[in-house]
Amino acid sequence: MNKDIRFFSQYIPLLIISFFFVVLLPVIPIFSYDNYNHQRICQIFLVLLLSSSVVYKFCFTNSTKPLALDSKFVPFFAIFAAVGIISASISKEPVYSLFYCLHITLLIFFLLPNLSIKHATLPLIYALVIAHSILVLYCFLKILFTVYEQQPLNATVIYSGFNNIRFFNQVQVFVLPFLVFLLSYQKIQRVVFFILILNLLLMFIGGARGALLSLIFISIVSFYFTPQLRKNILKGFLCLLLSYLAYITLEYIVSPEYTASMRTSSSGRVRMWLEILADFSFQNIFFGHGPGIYDITFNPAKHPHNSFFEILNEWGATALITFIGVVYFTYKATTHYIKSHRNDKVTITLAYSLSCAAMYSLFSGVHVMPIPQTLLIIFWGALLGRVYRPTVTIIKINNVVKLVLFLIFMITWAFYLYSALTLYNAIDPAQGYTPAPRFWSIGQREL
């Protein structure tokens, strides 16, 4: 293996593993005054370092092909980015929208290709599960203190380090399928059982209807189509039952008059989706209102809690069609791979986890929050890296082209970092906390 390629194959997983631990462990925020902004800053650093590695390979080495994936994906990515840039330029807030479009584009173009490293998948899974399990155990301590003090089971208090309790659930939908997968290991099965039950208990405490629905539905589908995981999925459903019984018991202990119930309203989601359809015009077939500025059109809602409707509104129908095409080819390749590699439980579990998150994105902001947004692309890239077998291609680039590419990179990153810093400096904590997913947790959007 080429020396540079070997270096990056070791460097990239280590960098992502470090990201998991820094953003998930229940520590005092290092880079900002709250955990949400801390996570966003870490995401920016991650993208910066990964994009720097790609540019280094392009400009200072005989580069490997940047998208070591099936070539059919490249036109989809290019169209999606181009439509986003045009939509941003004609939006009501072109500078901010272009910045947000650039943020998504950098994540896809620089995070995705760096993950076509098959041997790195298991270390990434273990790191995510360990970091998240430490967080969950910390939440368990808060449950014990809450019960001891005879206080209501308040998810806002128990979900440590997450300003919005749904941010916590969005990470859970990625982790739980891997816990189901780890039930296969007898030596750690009891520990995994406990962590899985605890995770599901936290979902019940938080009233995470969308997350539970997504996990249950995808688990049933996986049970039918993947016999390799059937025993594990059955054990997972047993954990679901035990966690619900534990939830009822704890609620009875702290509130004897409690009667178990779940909310049945859509919390305004259906209304938002109907508004998007009613607002759809001929222009939206080609371009959207601008990436990241849904709230300008539909105030006070900050995002529609649905990935398809958000792309349709902000990026346009053309971008939505290209997105659906990418999803189709991803699952087509995954299905074909699994049929010929029936014992590859890691790839099956990656598809299982990604499917849970994708379905949950139809009810929640999985695609806009910093941690789940990054996890979506990490797992997508890891899945593509396993189902495709790309050959390493050496690209010969003359020095003039390298210089041009390097300058474009520097200008792009200067705009991106300047915009992020300007937004951050516009924050006025005296205005109060805004739990909606603007780029930063608190503050105004002034660019």
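Modeller: A salt bridge is a side-chain nitrogen of Lys or Arg within 4 Å of a carboxyl oxygen of Asp or Glu. This is a predicted model, so local features need pLDDT of at least 70, side-chain atom pairs count only at pLDDT 80 or more, and totals for chains, interfaces and linings use all residues. Residues are numbered from 1 along each chain as its sequence is written, and side-chain values use heavy atoms, with hydrogens and water left out.

A search of the whole structure finds two salt bridges. Take Arg 271 and Glu 275 to begin with. They form one of these bridges, and their closest N and O atoms are 3.2 Å apart. Both partners sit in helix 11, residues 269-279. (A helix is a DSSP run of H or I, at least four residues, numbered from the N terminus.) Arg 271 and Glu 275 are four residues apart, which is about one turn of the helix.

How covered are they? Arg 271 counts as partly exposed because its relative accessibility is 47%. Glu 275 is partly exposed too, with a relative accessible area of 27%. (Buried means under 20% relative accessible area, exposed over 50%, and partly exposed in between, with a 1.4 Å probe and protein chains only.)

Now go to the other bridge. Asp 344 and Arg 386 meet through their side chains, at 3.2 Å from N to O. Asp 344 lies in the loop between helix 15 and helix 16, and Arg 386 lies in helix 17, so this pair ties together parts that are 42 residues apart in sequence. Both Asp 344 and Arg 386 are buried.

(On a 1 Å grid over the protein atoms alone, a pocket is an open set of points with protein on both sides within 12 Å along at least five of seven lines; a cavity is a set where a 1.4 Å probe fits but cannot get out; lining residues have an atom within 4 Å of a point. Points join across faces, edges and corners, and a volume is the space filled by probe spheres set on them.)

The largest pocket is lined by 32 residues. Nearest its centre lie Ser 307, Ile 311, Phe 323, Val 327 and Leu 376.

Next, step back along the chain from helix 14. His 305 is in the loop between helix 13 and helix 14. Its phi is near 55°, a positive value in a residue other than glycine. Most residues other than glycine have a negative phi. His 305 also leads us back to helix 11. Val 270 is found in that helix. The C-alpha atoms of Val 270 and His 305 are 9.6 Å apart in space, while the two residues are 35 apart in sequence. Val 270 counts as partly exposed, since its relative accessibility is 40%.

From C-alpha to C-alpha, Tyr 294 and Pro 304 are 7.7 Å apart in space and ten residues apart in sequence. Tyr 294 lies in helix 13, residues 294-297. Tyr 294 is buried, with a relative accessible area of 0%.

Gln 150 also has a positive phi, near 55°, and is not a glycine. Gln 150 is found in the loop between helix 5 and helix 6 (155-158). At a relative accessible area of 44%, Gln 150 is partly exposed.

A search of the whole structure finds seven cavities of 30 Å³ or more. The largest cavity has a volume of about 160 Å³. Its lining has 14 residues, and Leu 200, Leu 215, Ser 219, Gly 236 and Tyr 352 lie nearest its centre. At least two lining residues come from each of helix 7 (165-182), helix 8 (189-206), helix 9 (209-225) and helix 10 (230-254).

To recap the bridges: Arg 271 and Glu 275 pair inside helix 11. Asp 344 and Arg 386 tie together parts 42 residues apart in sequence, and both are buried.
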